[in-house]
Amino acid sequence: MGAKSVYVRAKTGPAYWTLGSMFRFLVTSEQASGSYTTMELTVPPGEGANPHHHDEAEEQFYVLEGEVTFWVADRTIQASSGDFIHIPRGTVHSFENGTTYAKLLATFGPGTGIEKLFQEEGELLDERMAYGQETPIAPDGATLHRRAE
């Protein structure tokens, strides 16, 4: 069966608190017939992702809001609203948000079902916690993800 069109209204849809940030899945691998996955990340100050790589997918980030430092292989990139970063598969990368909340659009291609990992590791937020105020509310007991190297 082929992919069907997907429409997601602003501030709607399932959102998970995982790895220190809010993940809102816009298009899942299954919805895109495995071609890609796209999600919106709302990243608190100082949060981000520790060094890692993806052997099965390319990853792209588009900075919607804020300023985020990316480390891609041996490069440091100071990215801000409107900047785009493509990370080839197998490339070690990480990022850390600055001093205010940041919003990132992240896409994985092909869609490997990685969103299932984020859902399993995370906690589903109710609508009030995800969208009821300017920034999402972390669930009780949530801890920071990014660790000092």
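Residues are numbered from 1 along each chain as its sequence is written, and side-chain values rest on heavy atoms, with hydrogens and water left out. Because the model is predicted, local features need pLDDT of at least 70 and side-chain atom pairs count only at pLDDT 80 or more, whereas totals for chains, interfaces and linings use all residues.

Secondary structure elements are DSSP runs numbered from the N terminus, with helices (H or I) of at least four residues and strands (E) of at least two, and two strands are taken to pair if DSSP finds at least two bridges between them. In general, strands of a sheet pair through backbone hydrogen bonds, either parallel or antiparallel. An open sheet of 7 strands is found in the order β8-β5-β10-β3-β2-β1-β11, and its pairing is antiparallel. The edges of this sheet are formed by β8 (84-87) and β11 (123-124), each of which pairs on one side only.

Strand β1 (residues 15-18) is joined to β11 in the antiparallel sense over 2 bridges, with W17 standing opposite E123 of β11. Towards β2, strand β1 pairs in the antiparallel sense over 4 bridges, and here Y16 stands opposite F23. These two strands, β1 and β2, form a hairpin with 2 residues between them.

Helix α1 (residues 114-121) lies across β1, β2 (21-27), β3 (37-43) and β10 (102-109), and runs at about 145 degrees to β2; axes are lines fitted to C-alpha atoms, for helices over the stretch in contact, and angles run from 0 to 180 degrees between N-to-C directions. In the loop between β10 and α1 lies P110, and the peptide bond from G109 to P110 is cis, with omega near 0 degrees. In strand β3, T42 counts as buried at 5% relative accessibility. Residues up to four places away in sequence aside, T42 touches S21, M22, Y101, A102, K103 and P136, a contact being heavy atoms within 4.5 Å.

A further open sheet, of 4 strands, has the order β4-β9-β6-β7 with antiparallel pairing. Its edges are held by β4 and β7, each with a single partner strand, so one side of each is left without a neighbour in the sheet. From one strand to the next, the twist averages 20 degrees. Strands β6 and β7 pair in the antiparallel sense over 6 bridges, and E67 has S80 in β7 as its bridge partner.

The largest nonpolar core has 24 residues, and those with the most contacts inside it are M39, L41, F70, F95 and L104; such a core is a set of buried Ala, Val, Leu, Ile, Met, Phe, Trp, Tyr and Cys residues joined through side-chain atoms within 4.5 Å. Two or more residues each are given to this core by β2, β3, β5 (58-65), β6 (67-72), β7 (75-80), β8, β10 and α1, with β10 giving the most, at 4 residues. A second, separate core of 7 residues includes A15, M22, M129 and Y131.

The largest pocket holds about 450 Å³ of space. Its lining comprises 23 residues, of which L19, H52, H54, I114 and F118 lie nearest its centre. Two or more lining residues each come from β2, β3, β4 (48-52), β5, β10 and α1. On a 1 Å grid over the protein atoms alone, a pocket is an open set of points where a 1.4 Å probe fits, with protein on both sides within 12 Å along at least five of seven lines, and lining residues have an atom within 4 Å of a point; grid points are joined across faces, edges and corners, and the volume is the space filled by probe spheres set on them.

Note on methods. Buried means under 20% relative accessible area, exposed over 50%, partly exposed in between (1.4 Å probe, protein chains only).
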